[in-house]
Amino acid sequence: MDYSDELRTARRYVEFACAMCGCETLARRIDISFNSRFTSRMGDASTKYMRIRLSKPLWPIASPVQRRAIVIHEACHIIADRTFGRRCGHGSRWKKVMRMCGERPLRCHDVDTSSLKRRRARYKVVGCSCGHVDSVSFVKASRIRKGVSEYICKKCDNKLQLTGEKV
């Protein structure tokens, strides 16, 4: 995907939001970029740095309507904070600015992120005397392997033994 075109589109949405709120000069000062690490949120706004960051992985999955809504959502955070002089969050002032832009003031996006979620590896452990089989996270398995931590079986209260098998 050519993100230079996407940045131009996002810029137009920011300019629209600023024009609807009567602060056209603010639009030129807002920096827009894409962030590869955002896999659950579509974007964020920094009022201190006048910056909007958008999710590079989620952007292609989102519909044009969702993209427009998220850019306007983030632009409204900056507009509200600059207009009212303090952090507005998702409060009544931010909602007012969202309505001025013709958007519903929703806190969360509805883009399906399930295709981007990574499933963390789990490792099989057994209770030494009862044979109870369970699983632990990668972190806990590493701690058991290194001898840093001990975990106790829920059934027999003995130390769990790492089998080395992934679940």
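Are α3 and α4 parallel or oblique to each other? The model is a predicted one, in which local features need pLDDT of at least 70, side-chain atom pairs count only at pLDDT 80 or more, and totals for chains, interfaces and linings use all residues. Residues are numbered from 1 along each chain as its sequence is written, and side-chain values use heavy atoms, leaving out hydrogens and water.

Helices (H or I, at least four residues) and strands (E, at least two) are DSSP runs, numbered from the N terminus. Helix α3 covers residues 64–84 and helix α4 residues 92–100; they pack at an angle of about 120°, with their axes 9 Å apart. Axes are lines fitted to C-alpha atoms, for helices over the stretch in contact, and angles run from 0 to 180 degrees between N-to-C directions. Angles under 35 degrees count as roughly parallel, over 145 as roughly antiparallel, 65 to 115 as roughly perpendicular and the rest as oblique. The two helices, α3 and α4, are therefore oblique to each other.

Where do α3 and α4 meet? I72, H73, C76, H77, I79, A80 and F84 in α3 are in contact (heavy atoms within 4.5 Å) with R93, W94, V97 and M98 in α4.

The sheet comes next. Its 3 strands form an open sheet in the order β5-β4-β6, with antiparallel pairing; two strands pair if DSSP finds at least two bridges between them. The edge strands, each pairing on one side only, are β5 (133–137) and β6 (160–166). Strand β4 (residues 122–127) is joined to β5 by 5 bridges, and K124 stands opposite S135 in β5. Helix α5 (residues 138–146) packs on the sheet and touches β4, β5 and β6.
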